Amino acid sequence: MKEELLKRTVKGPDGVEFEVEPLRDYYCEAAPTVMPGAYIKIVEDLFNWARAESLWILGFGTGCGAIEMRPLMTPRFDAYRYGIQWRPTPRQANLLVISGYLSVKTLKRAIRAYEQMQNPKYVVGLGSCTINGGMYWDSYNTIKRLDQYLPVDLYITGCMPRPEALLAGFDDLKNLIRAGQAEGANQYAENFDWYKANQKQVIHDWDMPDYNW
Amino acid sequence: MLSPLYLVAAALAASFTLGLLNPKRSGAAYAITLVTLAFMAWVPAGWLWGFMAEGAQPVEIYTAGALPPYAINLRMGLAEAAMTLLITLTGLLSALYLKESLIKLGHRGMAVLMVALMAFCGIVLTRDLFNLFVFFELAAISTAGLILLSEDERALSAGFKYLIVSQLVSTFLLIGILFAYHASGTLNLDTMASARLPHGSAPSFALAFFLMFIALVTELKPFPANGWALDIYESAHPAYSALFSAAAATASLYAVDKLLLVGGPGWYPMATGIGITTFLAANLFALPQGNDRRLLGYSSLAQIGLILVVLGQRDLLGEGTPFIAFGLLVSHAVAKAGLYWLSGLVGGRSLTDWAALRGRPLLVFAFISFVAMLTSLPPFPGFYAKWELVRVLAGEGRLALLALILIGALVEAGYLFRWFGYMLKREAPAEAVNGEPHQVVPVYVAVLAGWVLGYFWGELSGVGLGHHNLLLSLPLAFALGFLLLDWLPAWVKNTLAITGMVAFFFLTYAEYDPLRLIFALIFLIGGAITLLASYDAHGRRIGFYPAAMLMYAGMVMLVRANDSFEFFAAWELLTLGSYFLILRGKHSEPHALSYILFSLGGAFLILAGFALAAGGAAQFPITALGQVAPAVAPWVFLLLATGFMTKTAAIGLHIWLPGAHAEAETDVSPMVSGILLKAGLFGLFVLLMAMGKQRLYGVELTHVLLWVAAFTALLGNLMAVFQEDAKRLLAYSSIGQMGYALFGLALMNHLGWLMALMFVINHYIYKSMLFLSVGGVAKRTGTREMYRMGGLIRLMPLSFIAVLIGIIAISGVPPLSGFGGRWIFYNAILASDYRLPMVILFLAGPVAFLYLFRLIHSIFLGQLKDELRRVKEAPFWIALPQMLYVGLLLAFALAPGLALRRVDTYLNLFFPEGGLHWEGFEITSDYGYWNPVAIMIVVAVIFVSLFAWLLFVNRRAQKVKQFNIVFSAERPFRPETTHFAWNFFAPYRKALGFLVQPYATTFWGALTDFLHTAGDLARRLYDGNGQSYALHFLAFVVIVFGVGV
Amino acid sequence: MIHLAMATGFLLILIGFYGAVSNRNILRMIVAFTIADSGVNLVIVAIGYMPGRTAPILDATVKAGYAAARIIDPVPQALVLTAIVIGVGVTALMLAYAYKLYEKKRSLDIAKFTELRG
Amino acid sequence: MQFDWMKIPYALLTLFIVVNFGMILTALVAKIAARVGRRRGIRIWQNYADLFKNYGLRSSITHGAMFYLGPVFRLTGGIGLLLFVPTIYGSYVFSNLSFAGDLILALYFIFFGTLGMALGAAESGHPHAAIGVSRGLSQVTTAELPLALAVFSVALQYHTLSVTAIVAAQQGGIEHWTLFTNPFAVAAAMLAFLGSMMRPPFDVVSAPQEIPIGPPTEYHSSYLAMMQTNRAIFPIAKIVVYMNLFFGGAASWPVFCLKVFLIYMVSVFIGVVFPRFRVEQSIRWFLIWALPLGVLAIVLV
């Protein structure tokens, strides 16, 4: 536990002392809930179409595969024309691309970023490292299977996959979304305890609330 | 009525009786002394009563059975009676004060004291020159004797220095008298005066007169021949110093006056010159003084110098001279004696040691009464005297002298009020004041005398000049009544105050014209609302209510003033009251000082302006400002406008405001900012209504005002942007807002004035609200630095709402009332002849956003800190007026016509063109239109619909806590490192910071430093050596001779 | 004769003043002042003197009726007596001061008594 | 007071047209800017998808009341600004709610949304939001100055503050436009326009690289959707003011669309060519280059 998260006693301006418990006072403690779609099917279909045609990727390169994402913004690949764009803040993004191997240290950040995105949200695992550890299969410090920690909607294989493969993958993701099958966020909420247990198993210095709102 | 000779006889008889008494029976001797002195006071008291009440005629007392000039004669007239009463009363009270030390000294000391008083009385009474000399020598010997008996060892050398100089003086005096006798053949003053005409031109007589004159003047301790006097003042027992300062000076002044009667008008300039030099030099030297008694000594020299000036202006003042001279003299004598007596109660000799008085509210009251008397503030006699003096001097065009007097008076006010600040604010010494009754009673008697004399001078001024007696005006009496009620608990006094103000408004509201009605509303009803916040105070809050009510009384009297005298008196009263209020703040001492100095400086300008405008007329209605002669009119305008702008803190004169407003107490800040500033605007309104546009050397002064106002608005706003202290930010914002109001006035058209009025109302509401809100926050959080706060919105929602509404209103965003001001502003500038100053004002507008956002963000939004997590909402009584203001602001936003429509019609008197048309809710000008109700409805409808929509689509929103923010996939470390607040506008400082270099502060700081340093260097002249003092005297004689003859 | 007396008187005054400001010893200063006093008294008497007249004493030689034309001006004569008396008083007081000052500091140097200044 | 209730549906009609026009226009502009970078850019209907997507997000969080109200303020500001100004000259239907106030109302109402948005963003407690607001407000103080001067100049020129009257005065041919009768004012105003369009070189407020997008960092879901709606309306509303003041207004919707597009393109042309200014640089730039034009405008008018 980091020092700044420990309980501390402070003195208010009126001289009365009281305790501050950062994890309780500074962070929301609520657990995620399953969020059903719109009650009317046609509305949900419209939303799914819009979600599919408006993929906002969190600009967070977690590993070496991030290098393959940059070309997507260039004139050659121009992912914008497919309704794909990058967002600097998880609040506004709904697609988290885990771009390659994920060290335990980065996993913590990836979890935090994922949890701060809004439901529905999608995870795409990029490259073999996210599937089975890839060339880091025997590393002490990287995770091997991403879907034990985050609900993955789609893997794009390769080491590394080319931008074309990424585009194809995004296309597949769109189909999934449109079909209403990309419900990773609800899955995460449903199996929250399982995910947390897995996460905490590898992350030993767990210095954040269980769910990062 | 007893013969005045008893004054002499009683003293002598008692002195000799004491000699016969057994030296061991000091108690009896003391009793005899007191009885004698009381008797001596009784004699002139009877005469004074006779002259005043029974219309007695002055009497001559002939001695030696012969008529003058063959024998000495004494005269008892009104002046003599008053002066001898002053002398003997001071003596009596001093003797009372001296009880212990007199009993210890034994009968010799008492005898010397009585002889001294006898000699002072003799100087006043005698009409014979040689007799005068004898009395002077007696006075000198007994004075030196008294000093010799003082406990302080240093007094010895001081007394010897005095003797050295008095030897020189008596030589001059004696030779002068003898030559005058030789030239005129008489020693009788009256005979000599009537014989002056044939002999007057004779050079030998002139020389003789010069010798006499210079000798007597030296008794008044003129600069530079006064080092000896300072040493005495510093080292003698304070009761003796009181005696020298009050009694001896009175006697010597009268002697000089009598001599001037002989010399005639030809000698007046010399008296004036010596007087004014002394006045200025003594005040300058007093500035760096750290020793209280020496400071009082300097102040005494200065005051006497001023009275000498008055005597020297007898040719102008004529019949009015006694009124003025006596007014100044009694103020000086009473105050100085009182202060010296007080100094005996204080243990340490440093000015800061006077903080010991703080535990005794009555003594504090005494102290401030004395300071007010010395600085000629109302309602004391000096005030009437000052007014009269300035009126005549300005009327006759002696402007240089007038300026010098005012500058000197300002310096004097500087060190006196600084001292008062020390007394109230510095750390009190361990040993408290424990005055014995016999030591405290004289002080109280002096205070009482001061107030009674104030009343008396008010009456005199009413009889002679047709002014109202200030002490009889209802508001002031009401305010002073709180002095008597100060023992009540604060909430009772608060209720009384509020009731009084509201009642007074309802009694008088029919008497105001629409413009004044607005101001009266703000001052009275607005003041009452602000006072609601004062219910929050507990205990008795000693001193708050007299001060606050004095300020309100001043403002009410200002609105009700008809002539310049009432206006000016009201101005000084409100200044004084607000000064006390501001001084109550914890760290406000230096700021209160700079406030009072700027205010008094401004007041002096106003005084001079009115005097110049009146051209010597005793009565000068405010409305007559319009008929001032064209030659002086622009100057009058300049003086008055500058004076008023000191109060509205126009740029350059603004440096007092931030500290004063920021350091004041929570409920005082809204009073001095939201309400008091309007007094300056009222002054400007009155000025511009009467005088209109004025040109000076081809420059239109209102145009200059326009530029000043624009820069005030811009720089005030800019400086607010860079403040870390919330209240300072608001204070600077007030400077900017006043700039806007001034700008509107200076536009000199219908809508410009309406806009100024709109700002008056708006600024009152939102600045009071904001100051209360921020004050409440500061009270709860224990800091005023915004970056230490943050995230308080949840804990203090009401304060937040007040600030939110306030900043929307200030920034002029529709639909709140600030927009009305902006709309009128645009219409006003379209009708104006000028264009360029608007550029500055346009820049100032958006700058307001910067500091307003900073205010609300840094305090209420952003990250909440650990130690503030349990902060509560502001106390009920501080929150309540805020909510009232919110209501007021919304009401005014919806229906500005309620307040403005009548004024709009009223302004047609001044500018028939360009008014507004009010039709239903719609307001139309020559250029555009505006419908506040429609705007409000449209905005509300859109807002509410969208809000409802958001509520619907967002109904499942999860409420999160302050660290649930995206942080580049990390988490915040601590709230302190996450709250972005300190140096909030760093890039702005980089771009425009050069505009807010504190040039004005540097300038005024350099000026005061210069005065201090000059005074400090120059006072080394007094090197403490008796021979140097002798040389000073000789040099003085030579210089005066060279310059004057 | 008058002029001589008067000139002497003024000379004495000047000598006295000079002595008072040039001598640092307090006793010498007092002496200087008494010299100046004498000068003043001499001047006073000289003012009152009129050549060829007699002392202002009314006796057989000076009849009251003619007195005005025969005697010198009596007033200065009277005044000088008072002046002398006062002078003596002041001198005594100064000597008392000198004594006390000496008691205090064991010195009679005026320049040593400058603890009050500025 | 008589109120024509039909004004409400008429105003909603204007709103509807402008929202859709704005959605498409911004997408078009994005495409044009993409073309400069040799990309194809987003699809012309992309904004609709984004908007629906954001409304369709199921979860959202709130940091508090002001955070919640921020987008409401923002959008109220945009819609209000649009509706307080007559859109089509000479048309009663599209005169909107301009009876409530004149030009000054519009000018000051611009700040309504800005202020509310700044407050909402600040309540999120995110330092980037505060930094963004600090930058935005700093820049706006001098960026709005030339516009204020230009408006003053125009009002002086036509002796009125009524938008309708100003447009009326410009009728009768292109040479009557303020653009030609008062060129300095228009030049100054157009420089101010650059400063208010959130495009380079004056887009440091949301500087995506260093302070991820500034004030709206914490906004998402339906909040963001409202802000997107505003993003479609607000520039148009603002351009309408410019068009009415300086470019002769519009008497019909086609003219309206053309003029709005062209005026918009001014900022796009500049934006795609120039790199970004820091705040203090843009402040100085406006003071040095735009302010003198404004001063000239009010002196010469």
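## A first walk through the model

B:A649 touches B:H654, B:L657, B:I735 and B:M738, leaving aside residues up to four places away in sequence; two residues are in contact if their C-beta atoms, placed from the backbone, lie within 7 Å. This is a predicted model, in which local features need pLDDT of at least 70 and side-chain atom pairs count only at pLDDT 80 or more, while totals for chains, interfaces and linings use all residues. Residues are numbered from 1 along each chain as its sequence is written, and chains are lettered from A and ligands numbered from 1 in the order in which they are written.

Let us stay with B:A649 for a moment. You will find B:A649 in the loop between helix 26 (633-647) and helix 27 (656-663) of chain B. Helices (H or I, at least four residues) and strands (E, at least two) are DSSP runs, numbered from the N terminus. Is B:A649 buried or exposed? B:A649 is buried, with 29 other C-beta atoms within 10 Å. A residue counts as buried if 20 or more other C-beta atoms lie within 10 Å of its own, as exposed if 12 or fewer do, and as partly exposed in between, with C-beta atoms placed from the backbone. Between the C-alpha atoms of B:A649 and B:R25, 624 residues apart along the chain, the separation is 65 Å.

Helix 22 (residues 514-532) and helix 35 (residues 876-894) of chain B pack at an angle of about 145°, with their axes 7 Å apart. Here axes are lines fitted to C-alpha atoms, for helices over the stretch in contact, and angles run from 0 to 180 degrees between N-to-C directions. Helix 22 of chain B brings B:I529, B:T530 and B:L532 to the contact, and helix 35 of chain B brings B:W877, B:L880, B:P881 and B:L884.

Chain B also has an open sheet of three strands in the order 5-6-7, with antiparallel pairing. Strand 5 (917-919) and strand 7 (929-930) of chain B stand at the edges, each with a single partner strand, so one side of each is left without a neighbour in the sheet. Strand 5 and strand 6 (residues 922-924) of chain B pair over three bridges; two strands pair if DSSP finds at least two bridges between them. B:W918 stands opposite B:I923 in strand 6 of chain B.

Now for the other chains. Chain D has 11 helices and one strand. The radius of gyration of chain D is 19 Å, close to the 19 Å that the globule rule gives for 301 residues, so chain D is as compact as a globular protein of that length. That radius is taken over C-alpha atoms, and the rule is 2.2 Å times the number of residues to the power 0.38. Of the 301 residues in chain D, 65% are buried.

Among the four pairs of chains that touch, chains B and D have the most contacts. The contact between chains C and B takes 33 residues from chain C and 38 residues from chain B. Helix 4 of chain C supplies the largest share of the side of chain C that touches chain B, 15 residues.
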